[in-house]
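Q: Could you take me through this model? I would like to go from one place to the next and ask as I go.

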Amino acid sequence: MKSFWTIVKKELSRFFHDKRLLMALFLPGILIYAVYSLIGGGLIDSLTAVDEDYSYKLYTLNAPAGFAEELGLDDERWKIVEIEADEAEKIKTKIEEQEADLYLEFTPAFEFSGGEGTGIAVYYNTAKTESSAAYGLIGALISAKQFDSPKFTTLPFDLVKDEDMTAMLFSSIGPMLVLVFLFSGCASIAPESIAGEKERGTFATMLVTPVKRSYIALGKIVSLSILSVLSGFCSFLGLTLSLPKLMGDLGGSGLSAYGFGDYMMLLGVVISSVLLIVAIISVVSTLANSVKEATSMVGPLTLVVVVMGVATMFGGGGEWYWHLIPIYNSALAMSDVFSLSGSALNVLVTIGANLLYATGLSLLLAKMFDSEKIVSGS
Amino acid sequence: MDEVFDLEENAENVLVARDLKKTFKLSRKQKKLEKSVTGLKTAVDGLSFAARRGEIYGLLGPNGAGKTTTLRMLATLIKPDEGDAEVNGYSVLKEPDKARSKLGFLTSELKPDEFFTPNYMFDFFSALHGVSEADREKRKLDLFTRFGIGEFAETKIADLSTGMKQKVSIAISLVHDPEFIIFDEPTNGLDVLTAKAVTDFLLELKQRGKTILLSTHIFSLVEKICDRVGVIIDGKMSLEGNVKELTKEKNLEEVFFDLYAARKGGKE
């Protein structure tokens with residue numbers, strides 16, 4: 001067992017004394033912070049922040065008398081204009097063009113007390129911060145009106161244009177970005193540690209010592225995992241620090257938008273993902289005879305990670321069994337946590353599945369280290 | 001310095017190789033090149049030999065004769081398909097860990113991590129071999145002084161000259177003071193001064209009772225330092241004997257080429 005720790009210490013020393021490798025280890029976290037802060041500060045903030053003095057332009061049709069007082073809109077923040085039915089299309093276009101904020105179309109003879117067939121159609125545009133914020137406020141006020149029991153229907157219509165939607169989608173690529181950063185962090189150290197040693201002939205030097213090969217495998221895995229977990233933790237830190245900027249005014253006071261539980265779920269998902277990723281890349285690196293070969297073998301896996309990360313944007317995956325699919329589960333779980341809809345069960349299934357796969361792959365790696373064909377590359 | 005070892009009085013076998021056989025699968029490309037029907041290449045074909053305590057045994061043979069494969073089997077890096085070998089009584093098949101603890105292997109294929117210093121690598125391999133701190137420091141002082149590594153002890157191996165790297169490799173392969181040492185082309189690529197230092201050291205090891213298996217292409221080196229020699233051609237032991245006796249009438253180079261021509265029937 002002493003020799004196992006000797007290998008772990010040597011591996012850690014190798015990385016912590018090499019500026020290039022150290023950079024590769026911690027760069028993902030720094031990048032996450034930088035990119036997210038840039039997105040958050042430069043783009044999302046501009047999309048989500050509404051000036052305190054801003055007055056929302058609200059158009060209504062068939063609004064019942066006193067509706068503003070009823071909903072609490074009777075202050076200077078709301079400029080309400082009642083329109084005629086023939087102006088409706090013109091107002092909708094204005095919203096589409098981001099010239100108006102909100103348009104409420106009440107059914108004729110609408111009453112808050114409700115009645116059959118009564119309801120409100122709410123037109124807004126998510127691409128316009130003020131419109132989106134107004135929709136959120138109105139939605140909350142209407143929901144409060146119907147807190148006890150539903151009295152009327154509310155039909156939302158998002159008049160956002162496709163190109164405007166692209167900007168919004170940007171905020172949902174978070175899980176993919178995190179996964180890619182984590183993957184690239186692991187991919188920059190594992191090939192060096194295994195394929196690199198094979199290539200330089202330093203790996204076989206260890207094999208002619210009396211140390212059991214399973215100890216050498218374990219030493220490699222444990223040291224790589226320590227390094228990768230550090231890298232993962234750095235990514236997590238980068239993500240956490242950038243969250244206030246990412247959330248902007250939507251998140252209120254930023255960090256407080258996510259609770260302790262959310263952070264713990266994120267941490268668990270990130271660390272278990274790192275362990276799985278390091279195990280996958282270690283197996284691939286052991287098959288390769290050089291760092292170059294390992295890197296080219298790892299390349300297509302990056303694509304898989306991107307696809308898995310992007311796949312979460314298209315919905316689905318609410319059930320727990322989706323969280324058994326490696327990599328996809330991590331993206332799903334992170335996406336859920338980001339959107340404040342993280343389910344503890346799904347996150348636990350993700351962490352459990354990742355740890356299980358990582359253990360299986362570690363056992364496979366130990367077997368591979370015992371194979372003369374793989375180790376000698378003959 | 002240990003006492004001078006008397007080979008004749010201590011004719012005990014430290015290495016015994018029995019009927020070693022190793023076959024490799026050929027890739028499609030190799031199959032075409034070798035014009036092989038079976039797709040198999042027998043690298044070592046029933047090789048048997050022994051090296052006695054305190055002798056330098058030379059292994060001679062052309063490229064592809066099976067020398068490296070033999071050395072790799074003895075060092076437990078690969079397993080023989082048939083046969084077995086014993087190092088200090090430990091089977092390389094059944095007790096590879098114990099066999100490894102008794103042997104040192106120096107080859108250009110195996111290198112210390114150049115990112116580290118000679119000092120760190122010496123300590124690292126000493127720990128892997130389970131060498132005590134006191135023994136480690138004593139051996140380090142001895143070997144580092146012997147090879148002039150001392151002043152470079154804290155220099156990254158990558159920054160050392162080729163000769164110094166080879167000296168560091170030798171020192172590291174001997175951290176555990178093995179009974180049996182395999183040297184694969186130990187003077188390859190070295191300048192005459194470093195090559196001389198290495199051959200002198202091999203003779204010194206022999207005097208200390210160590211058993212050395214030396215694989216080389218250099219006939220003069222075998223004639224100069226080896227007690228016995230085995231000539232491998234096509235994975236088989238074609239000739240084995242005492243170097244002095246074999247070279248009574250002809251030098252080793254002539255002996256080798258006569259043998260090679262006879263084996264190959266004038267081909268190649």
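**Backbone angles, helices and cavities**

Q: To begin, what is the relative accessible area of D19(B)?
A: D19(B) has a relative accessible area of 47% and is partly exposed. Here buried means under 20% relative accessible area, exposed over 50%, and partly exposed in between, with a 1.4 Å probe and protein chains only.

Q: And what are the ground rules for the numbers?
A: This is a predicted model, in which local features need pLDDT of at least 70 and side-chain atom pairs count only at pLDDT 80 or more, while totals for chains, interfaces and linings use all residues. Residues are numbered from 1 along each chain as its sequence is written, chains are lettered from A and ligands numbered from 1 in the order in which they are written, and side-chain values use heavy atoms, with hydrogens and water left out.

Q: Where does D19(B) lie, and what is its phi?
A: D19(B) lies in strand β1 of chain B, residues 13–25. Its phi is positive, at about 45°, although D19(B) is not a glycine. Most residues other than glycine have a negative phi. Strands (E, at least two residues) and helices (H or I, at least four) are DSSP runs, numbered from the N terminus.

Q: Which residue of chain A has a positive phi without being glycine?
A: One such residue is Q98(A), with phi near 65°. Q98(A) sits in the loop between α4 (88–96) and β3 (102–106) of chain A, and is partly exposed at 28% relative accessible area.

Q: What follows α2(B)?
A: Just after α2(B), T76(B) takes a positive phi of about 65°. The helix itself, residues 67–74 of chain B, is mostly covered, with seven of its eight residues buried. Among the buried ones are K67(B), R72(B) and L74(B).

Q: Changing topic: how long is α5(B)?
A: Helix α5(B), residues 133–147, has 15 residues and reaches 21 Å from its first C-alpha to its last. That is close to the expected 21 Å, where the expected span is 1.5 Å times one less than the number of residues.

Q: Which of its residues are buried?
A: In α5(B), R136(B), K140(B), L143(B), F144(B) and F147(B) are buried. Seen down the axis of α5(B), they fall within an arc of 95°, so they line one face of the helix; the arc is that of the directions from the helix axis to the C-beta atoms. An α-helix has 3.6 residues a turn, so residues three or four places apart point the same way.

Q: What is on the face turned away, and what covers the buried side?
A: The face of α5(B) turned away from its buried side carries the exposed residues A134(B), K138(B), L141(B) and T145(B). The cover over the buried residues includes α4 (118–128), α6 (162–173) and α7 (192–207) of chain B, contact meaning heavy atoms within 4.5 Å.

Q: How many residues of α6(B) are buried?
A: In α6(B), 10 of the 12 residues are buried, so the helix is largely enclosed by the rest of the structure. Those buried residues pack against β6, α4, α5, β7 (180–184) and α7 of chain B.

Q: What lines the largest one?
A: The largest cavity is lined by 17 residues, of which T205(A), V208(A), F105(B), I172(B) and S173(B) lie nearest its centre. β6(B) gives the most to this lining, with four residues.

Q: Finally, how many residues are in the largest nonpolar core?
A: The largest nonpolar core has 134 residues; such a core is a set of buried Ala, Val, Leu, Ile, Met, Phe, Trp, Tyr and Cys residues joined through side-chain atoms within 4.5 Å. Its largest share, 13 residues, comes from helix α11 (residues 260–287) of chain A. A second, separate core of 20 residues includes Y54(A), L73(A), V122(A) and I142(A).

Technical notes: On a 1 Å grid over the protein atoms alone, a cavity is a set of points where a 1.4 Å probe fits but cannot get out, and a pocket is an open set with protein on both sides within 12 Å along at least five of seven lines; lining residues have an atom within 4 Å of a point.
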